[in-house]
Amino acid sequence: MHIKTILTQTYHDQNPGTSGLRKKVKVFKQRGYLENFVQSIFDVLPDFQGKSLVIGGDGRYFNREAIQIIIKIAAANGFGELIIGQNGLLSTPAASHIIRKYGAFGGLILSASHNPAGENEDFGIKYNVNNGGPAPEKDTLAFFERSKVLESYKIADLPDVNLDAVGSQDIDGLKITIIDSVNDYAELMQSIFDFNLLKQSIQNGFITLSFDAMSAVTGSYAKRILIDLLGASEDSVRNGIPLEDFGGHHPDPNLIHAHELANLMFSENAPTFGAASDGDGDRNMIMGKGIFVTPSDSLAILAANATLIPAYSAGLKGVARSMPTSQAVDRVAARYNIPCYETPTGWKFFGNLLDADKITLCGEESFGTGSQHVREKDGLWAVLFWLNLIARRRQSVAEIVHEHWQKFGRDIYSRHDYEAVESEIANGIMASLREQITTLVGQIFGDYVVKYADEFCYHDSIDGSTSANQGFRIGFENGSRIVFRLSGTGTVGATLRIYIERFEPDATKHNQDPQIALAELIELAEQFCKVKQLTGRTTPTVIT
Ligand code: VG1
Ligand code: CO
């Protein structure tokens, strides 16, 4: 194999965010940009000579070209085997599973998740370690540091690899294996859930469903699992063909971007169950006829019912949620006397807890839920979990949710995003919050008395590491909370996220519209951060 060393221009902006490096396609297409980042990762990683690397992506624009480049750089750097999803496709949870199942050294996942795709949109890449999970912060920081001084990369002179046909080939001692993207994942799902019961419930019409793959990677997975294996009707998977531009949409499963599904679920003709996933298949939105389940509630409900699922019938070791996720799951943990951990935003912080067997389930308010079975959040897994639950309890989604609220109370919750805010203004807001936070404890705002106010700093109890500056928390005596943080996945300006929650124990008040129930706290949040005043905006860009 002929290996070339190419001198390259150094880039200074390759700092991975919450979930890998995400930039506009145009940025990634600059000469050497992708090559530099991949070489920086390989320069930092120790001892992978002869070992295997998993490669796959969400199929967005530039996916195939990026894979061809990565193959050549990985070959030049001494990997022994490359395991690649057919057509270059692997959902994020499937990639995580494949790394684990085949004992790979690690994996490169090409995705910008829920961000739009296409020539003028976003691309992304992230490295996952051998437990199948996103590289921890100490690694991503090291990749960035290396990229800032990188002067050359190594690349093998190889012809492009045919990504379309499953099978193995040997090129000068390098094994390249193209695998079916869905098989291993579908098998894993069958080992977790009661597929016989699901099949029955779908085939006898007790469950009718609509899954929106949003023209992204889960199309192939949903068709195989929901239609081929479980017998759901052909039309139960919508937007099921993965497209390079995701049909021009945001593949973001929420009421705004999955509005077709939302309209259906609130209509007369709604099926019993509706769900959607995101670009790379790790997010999920859960709906029932006439009801949307907030992700924070979904996590709590899955935790409360986990023993109904074959794989979790022995009970849960513990649970974890990201800091801005509502405290609904904390109530379940307290009731069942299991530990509940609060981690910073981003799946990488769950990895150590899962590896150490401290938790079985975990989740985030941003439509992410997952478990021990992989080291990423998993959209279709959450869908199957809900289906299994509906089939076991023989109840509708609405009945399950309302019973849960009756038993535990409702944590009324909403997130307000202000996207593409000028960075200077956003940084000013954070600086001002940092100042205010020191003086808030004990202050009274109407019914709300500040109990604690801090900038979240996480101490990982497993590896002893500390992650500071993870967002501002303002907690009130009555259990309500307001959280502020800046997004680490956006590619334009800054995105301010405001997370608002209030606990409502009274079952007669559980049917309130969150925006109305939270109105006072929403006002208060504006008083603290002044985002409307400073940007001249009157409403958030997205409310979830
Ligand atoms: C967002 C979400 C976070 C999630 C991350 C990656 O990050 O808030 O909870 O883990 O996206 O998800 P941020 O920094 O923009 O708030 V995905 O599906 O985009 O890989
Ligand atoms: Co995603």
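Helix H4, residues 92-101, is mostly covered in this predicted model, helices being DSSP runs of H or I of at least four residues and strands runs of E of at least two, numbered from the N terminus. Eight of the 10 residues of H4 are buried, that is, under 20% relative accessible area with a 1.4 Å probe and protein chains only. The buried residues are Thr 92, Pro 93, Ala 94, Ala 95, Ser 96, His 97, Ile 98 and Ile 99. At the N-terminal end, Ser 91 caps H4 through a side-chain oxygen that lies 3.1 Å from the backbone nitrogen of Ala 94. After H4 comes Gly 103, with a positive phi near 55°.

The model is predicted, with local features requiring pLDDT of at least 70 and side-chain atom pairs pLDDT 80 or more, while totals for chains, interfaces and linings use all residues. Residues are numbered from 1 along each chain as its sequence is written, chains are lettered from A and ligands numbered from 1 in the order in which they are written, and side-chain values use heavy atoms, without hydrogens and water.

On a 1 Å grid over the protein atoms alone, a cavity is a set of points where a 1.4 Å probe fits but cannot get out; a pocket is an open set with protein on both sides within 12 Å along at least five of seven lines, and lining residues have an atom within 4 Å of a point. Of its 14 lining residues, Ser 19, Gly 20, Lys 126, Tyr 127 and Thr 140 are the closest to the centre. Strand S6 (122-128) gives the most to this lining, with three residues, and helix H5 (137-147) supplies at least two.

The largest pocket has a volume of about 940 Å³. Its lining comprises 35 residues, of which Gly 17, Thr 18, Leu 486, Ser 487 and Gly 488 are the closest to the centre. Helix H15 (423-436) is one of the elements that supply at least two residues; H15 gives the most, with five.

The second largest pocket holds about 700 Å³ of space. It is lined by 45 residues, with His 114, Asn 115, Ser 487, Thr 489 and Arg 497 nearest its centre. Elements giving two or more residues to this lining include strand S19 (410-421), which provides the largest share, four residues.

Terms used
Buried means under 20% relative accessible area, exposed over 50%, partly exposed in between (1.4 Å probe, protein chains only). A polar contact is a pair of N or O atoms within 3.5 Å; within protein, one must be able to donate a hydrogen and the other to accept it, and residues adjacent in sequence count only if both atoms are side-chain atoms. Grid points are joined across faces, edges and corners, and a volume is the space filled by probe spheres set on the points.
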